[in-house]
Amino acid sequence: MSSHVQKAVAARAASLLLRYPDDEVIAALPTVLAALDELPGEVGGPLRLVAEHRATTGATRLAIEYVELFDFRRRCCLYLTFYTCGDTRRRGESLAGVAAVFKAAGLRLVDGELPDYLPAVLDLAAADGSGWQLLGDHRIGLDLLSAALTKQGSVYRHAIDAVRQLLPAARPADLAAAAQLARTGPPVEQVGLEPFGLGNPTGARR
């Protein structure tokens, strides 16, 4: 398997492992686990920890922990532009830019999904190089999400760390920006998101 194909497989696997654990997502677990055998250990290993957790945990518990973690913890949100733009009008502009990348790649979002939803961006990366560019552009958000999930002791941190393994190393400026945002949290303004229907600043869908 070429490195290009391995990255696509890893992106698709990470997308499924970071989505809400509905019946369709859980049914895909055997396929995901089989695909992970073809990935390098530093990527496949962390993803396997998440897949095995989902395979051995009851559906109700999985759903509750997912919602509590990603929908109600501000610093554990799966919407990439939230980390650098917060609740400001600048996020609306960023969302429009990300949506344009999907359109240029000829990919449509699932109904109800915002374009900066990490699993959606991972699906884009599995199909088109522009997805990897978006992930790299939002490396700060991924680093902050990893730190927040680690603090919570969540198994999902391993999926984020697998994705980070596939990206270029963070630049000093990104590390400094991440450290600053870790101290202060995302900016707050509460305006400018109406075109995207964001009554909830994190974009939670349930």
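Which residues of helix α11 (residues 157–165) are buried?

1. The buried residues of helix α11 are His 158, Ala 159, Ile 160, Ala 162 and Val 163, where buried means under 20% relative accessible area, exposed means over 50%, and partly exposed lies in between (1.4 Å probe, protein chains only). These buried residues pack against α1 (3–18), α4, α8 (118–127), α9 (129–137) and α10 (139–152), a contact being heavy atoms within 4.5 Å. Helices here are DSSP runs of H or I with at least four residues, numbered from the N terminus.

2. A word on the basis of this note: the model is predicted, so that local features need pLDDT of at least 70 and side-chain atom pairs count only at pLDDT 80 or more, while totals for chains, interfaces and linings use all residues. Residues are numbered from 1 along each chain as its sequence is written, and side-chain values use heavy atoms, with hydrogens and water left out.

3. Because Arg 164 and Asp 161 are three residues apart in helix α11, about one helical turn separates them. Arg 164 is partly exposed, with a relative accessible area of 23%, and Asp 161 likewise counts as partly exposed at 23%.

4. The whole structure contains eight salt bridges. One of them joins the side chains of Arg 19 and Glu 113 at 2.5 Å, N to O, and this pair links distant parts of the chain, since Arg 19 lies in the loop between α1 and α2 (23–27) and Glu 113 in the loop between α7 (89–105) and α8, 94 residues apart. Arg 19 counts as buried at 12% relative accessibility, and Glu 113 is buried too, with a relative accessible area of 10%.

5. Another salt bridge, 2.6 Å from N to O, brings together the side chains of Arg 48 and Asp 37. Arg 48 sits in helix α4 and Asp 37 in the loop between α3 (29–36) and α4, so the pair ties together parts that are 11 residues apart in sequence. Arg 48 is partly exposed at 23% relative accessibility, whereas Asp 37 is exposed, with a relative accessible area of 55%.

6. Arg 54 is buried yet has no salt bridge, and the nearest side chain of opposite charge, that of Glu 65, is 6.4 Å away; Lys and Arg count as positive and Asp and Glu as negative, with His and the chain ends not counted. The side chain of Arg 54 does reach the backbone oxygen of Leu 16 at 3.1 Å. Leaving aside residues up to four places away in sequence, Arg 54 touches several residues, including Leu 17, Tyr 20, Leu 62 and Tyr 156.

7. Finally, the structure holds zero disulfides, a disulfide being a pair of cysteine sulfur atoms within 2.5 Å. Cys 76 is in no disulfide, and the nearest cysteine sulfur, that of Cys 77, is 9.0 Å away. Cys 76 counts as buried at 2% relative accessibility, and Cys 77 is buried with a relative accessible area of 0%.

Notes: A salt bridge is a side-chain nitrogen of Lys or Arg within 4 Å of a carboxyl oxygen of Asp or Glu. A polar contact is a pair of N or O atoms within 3.5 Å; within protein, one must be able to donate a hydrogen and the other to accept it, and residues adjacent in sequence count only if both atoms are side-chain atoms. Helices (H or I, at least four residues) and strands (E, at least two) are DSSP runs, numbered from the N terminus.
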